[in-house]
Amino acid sequence: MNDKRQGMRLILVAVTVALVWTGLGLRLAFLHLGDHEEKLESVRRTHRHQREVLVGRGRIFDRNEHLIAMDLGMKHVSVDPSLIQDRGGGAFIAHQLGRLLEVDPAMIFAKINRPGRKQEYVKKFVLEDSVQPIRAMGLHGVFFEDVSARHYPRGPLMSHVIGFSNLEGYGSAGIELRYDRYLRGIPGFRVTEVDRRGREVYSRRSIDIVPRHGADITLTIDGRIQHFTERALDQAMEETGALGAWAIVQHVRTGEILAMASRPTFDPNHFRTATDEERRNRAVSMVFEPGSIFKVAVIAGVLNERLFRPSDIIFCENGRWMHAGKPLNDFRPYGHLTVADVLKKSSNIGTAKMALELGNRKVYDYLKNFGFGVPTGIGLPGEEAGILRHPSSWTALSLSRICMGHEVMVTGIQMVNMMTVLGNNGFLIRPRVVKRVVDARGETIYEPDIEVLGRPISGATARLMVKLLTRATEEGGTGRHARMDNYTVAGKTGTAEKVIDGRYSRNHNIASFIGLVPAERPELSILVVIDEPSTRTGGAAAAPVFRQIAEPSLRYLDIQPIPRELAYRFGDEVPYFE
Amino acid sequence: MARPKRKSRNRLRTRTRKTVQVRLYHGASLLALLVAAVLSLAYLSLGARSEELGREINRLEKRLEAVRRDVQNEEFKWSHLTSPGELEKLFKRHNIVMSWPPPENIVRLRRGDLHLRFAQATGREGHE
């Protein structure tokens with residue numbers, strides 16, 4: 001009986017196994033012999049994984065290789081409301097996330113309580129350090145998504161030069177925009193297969209194009225000097241209640257920009273909340289009537305033509321001169337002044353008389369040769385050319401107004417570059433903000449060299465102008481507030497009336513100061529412009545800012561003062577200077 | 001009588017030849033199977049090894065990415081901490097007033113001086 005039952009069981013097992021194998025065999029035959037291409041493709045699609053391998057943008061450094069802009073790995077923090085609702089503890093999670101992420105817990109709680117939702121973002125672009133404590137708490141239903149975002153570790157420092165890149169990773173302003181093609185890099189491409197758990201099977205990686213990281217850019221800007229400049233501008237803005245201010249520090253011999261600041265400013269980490277006015281780099285994109293600082297260019301032309309000597313006397317009409325039927329006034333009335341004193345006292349009438357001797361065409365040529373009316377090509381987006389009209393469209397009054405910085409529009413970078421000509425023995429060089437571009441392999445792919453654009457004036461005239469301009473910062477000169485204890489400053493003040501409703505307004509001024517330091521062997525060329533300060537003149541508003549920038553910069557650069565006994569010997573070598 | 005003897009001898013020879021052929025055939029089959037088995041094992045072993053290496057490469061790629069992120073994070077923090085504005089804030093918080101040394105307090109050494117002082121201090125010749 002037992003044998004019979006055992007036999008039956010064996011038959012049953014054998015039949016079952018046979019059926020299973022037959023079924024599997026049939027299924028196999030069906031899959032292989034039938035129309036299986038579609039199914040095969042479906043399987044391939046499930047496993048195949050193709051994606052772009054993204055690369056970060058290149059980094060931006062200052063001239064001392066301090067990091068200014070970089071891509072930073074960050075996290076999006078999100079919650080799964082359905083999971084939290086199932087397991088409870090929503091209020092606790094909302095409270096903890098709110099505390100650690102500095103987000104209103106009520107808002108998080110409202111997101112957690114949304115029915116039928118699988119994902120709700122709590123906060124995007126969270127720094128890794130802020131995520132660590134949340135991860136350590138092991139909160140259920142809280143997830144982190146890896147993202148990369150542009151970050152500027154030094155905040156608003158040199159924000160107008162660097163600009164910013166948008167959330168899609170495209171440069172949108174400043175260096176980020178101008179050098180986008182270098183910074184962006186080339187993304188890679190990968191076609192591979194994943195297993196059922198979503199892990200990549202390396203041996204099935206069929207296409208793997210390696211990404212090329214973006215190139216790194218080193219600027220000519222010095223973070224320290226930039227800080228001195230920005231600090232001085234902030235103080236000036238606070239003390240004078242100005243609408244805006246900008247300053248540029250240029251290295252004389254190389255044309256490299258060591259600092260460029262503009263106020264109001266913004267933090268590129270929060271560029272979306274900044275206004276257009278805050279984002280605007282006034283140093284290159286704002287044109288303004290320069291006022292008396294422009295006299296430097298005109299008088300340099302006059303002296304270069306040897307029409308006057310510094311000791312020649314000019315009658316300054318006691319402060320009011322009728323020319324071409326219109327009055328021309330000086331800030332203070334002067335009688336007879338030497339050419340040197342015309343510059344020191346900033347006499348409009350004296351300068352106009354000299355310019356008239358030079359004539360329209362020559363003045364225009366000199367101004368063109370100094371680089372006015374065309375962009376300098378500094379390599380920053382949005383650079384304006386300024387306005388320098390052709391003499392054919394000048395009126396009888398134009399020359400007397402242009403020579404004192406009216407009827408002409410310039411940018412800050414044009415002005416500072418003109419001043420650099422004086423320190424460079426008359427050579428005009430192209431200003432630059434980028435020192436080098438180095439690709440991901442460490443090879444330098446772009447390194448601009450000093451580019452001489454011309455020589456508007458002779459070396460002797462340049463040295464003479466520097467000598468004359470040092471008198472403006474002496475006692476009795478308009479720029480005495482720019483004086484420093486150990487260094488000699490060659491500079492010029494400017495106070496230009498702004499045009500309000502089509503008329504020049506006495507109450508709305510642009511105050512400026514432009515100077516070279518140390519005057520004996522110029523190293524730095526500095527421009528300071530303050531828009532509508534309460535202390536209206538360039539001497540009162542901008543000259544002290546110049547000193548606040550120049551003093552620490554010279555100490556920081558270890559530029560030693562010239563001993564008094566050696567200072568100013570070059571008057572002898574300059575012809576016709578007495 | 002001699003004929004039947006030759007017949008049986010021929011039959012014996014044929015049988016022996018067949019036996020040898022069968023044995024050779026079996027031997028060759030066995031060898032082929034053995035080679036196939038060895039090759040299969042080698043293939044499987046290489047496959048497993050390459051899979052393992054692939055997993056290792058994947059793991060290292062992820063690790064590299066994580067380390068790169070960590071480095072970025074530290075670079076960011078360092079750059080932020082050493083920014084002039086941040087240092088000034090710290091000085092203010094701890095009531096530290098920094099000022100430039102007056103020029104007369106600065107001692108400037110030339111390379112030659114250092115060389116001389118090193119030689120005096122150690123009795124050995126320094127290298128410039």
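**Exercise 1. Decide whether Ala324(A) is buried or exposed.**

Solution. Count C-beta neighbours. Ala324(A) has 12 of them inside 10 Å, so it counts as exposed. The cut-offs: a residue is buried with 20 or more other C-beta atoms within 10 Å of its own, exposed with 12 or fewer, and partly exposed in between, the C-beta atoms being placed from the backbone. Next, locate the residue. Ala324(A) sits in the loop between β15 (320–323) and β16 (326–329) of chain A. Helices (H or I, at least four residues) and strands (E, at least two) are DSSP runs, numbered from the N terminus. Last, check the backbone. Phi of Ala324(A) is near 50°, a positive value in a residue other than glycine.

This is a predicted model: local features need pLDDT of at least 70, side-chain atom pairs count only at pLDDT 80 or more, and totals for chains, interfaces and linings use all residues. Residues are numbered from 1 along each chain as its sequence is written, while chains are lettered from A and ligands numbered from 1 in the order in which they are written.

**Exercise 2. Treat Glu102(A) by the steps of location, phi and exposure.**

Solution. Glu102(A) lies in the loop between α4 (90–101) and α5 (105–112) of chain A. Its phi is near 55°, which is positive in a residue other than glycine. Glu102(A) has 10 other C-beta atoms within 10 Å, so it is exposed.

**Exercise 3. Describe the surroundings of Leu388(A).**

Solution. First, the place: Leu388(A) is in the loop between α16 (360–369) and α17 (398–402) of chain A. Second, the burial: Leu388(A) has 20 C-beta neighbours inside 10 Å, so it counts as buried. Third, the partners. Leaving aside neighbours within four places in sequence, Leu388(A) is in contact with Leu367(A), Lys368(A), Phe372(A), Gly373(A) and Val408(A). Contact requires C-beta atoms, placed from the backbone, within 7 Å. Fourth, a distance. Val408(A) is 20 residues from Leu388(A) along the chain, and their C-alpha atoms are separated by 5.5 Å.

**Exercise 4. Characterise the packing of α13(A) on α15(A).**

Solution. Step one is geometry. Helix α13 (residues 295–304) and helix α15 (residues 348–358) of chain A pack at about 50°, their axes 9 Å apart. Axes are lines fitted to C-alpha atoms, for helices over the stretch in contact, and angles run from 0 to 180 degrees between N-to-C directions. That makes α13(A) oblique to α15(A). Angles under 35 degrees count as roughly parallel, over 145 as roughly antiparallel, 65 to 115 as roughly perpendicular, and the rest as oblique.

Step two lists the residues. Lys295(A), Val298(A), Ile299(A), Gly301(A) and Val302(A) of α13(A) meet Thr351(A), Met354(A), Ala355(A), Glu357(A) and Leu358(A) of α15(A). By class, this contact has six nonpolar, two polar and two charged residues. Ala, Val, Leu, Ile, Met, Phe, Trp, Tyr, Cys and Pro count as nonpolar, Asp, Glu, Lys and Arg as charged, and the others, Gly among them, as polar.

Step three is burial. Nine of the 11 residues of α15(A) are buried, so this helix is largely enclosed by the rest of the structure. Among them are Ile349(A), Met354(A) and Leu358(A). After α15(A) comes Gly359(A), whose phi is positive, near 90°.

How values were computed: Two residues are in contact if their C-beta atoms, placed from the backbone, lie within 7 Å.
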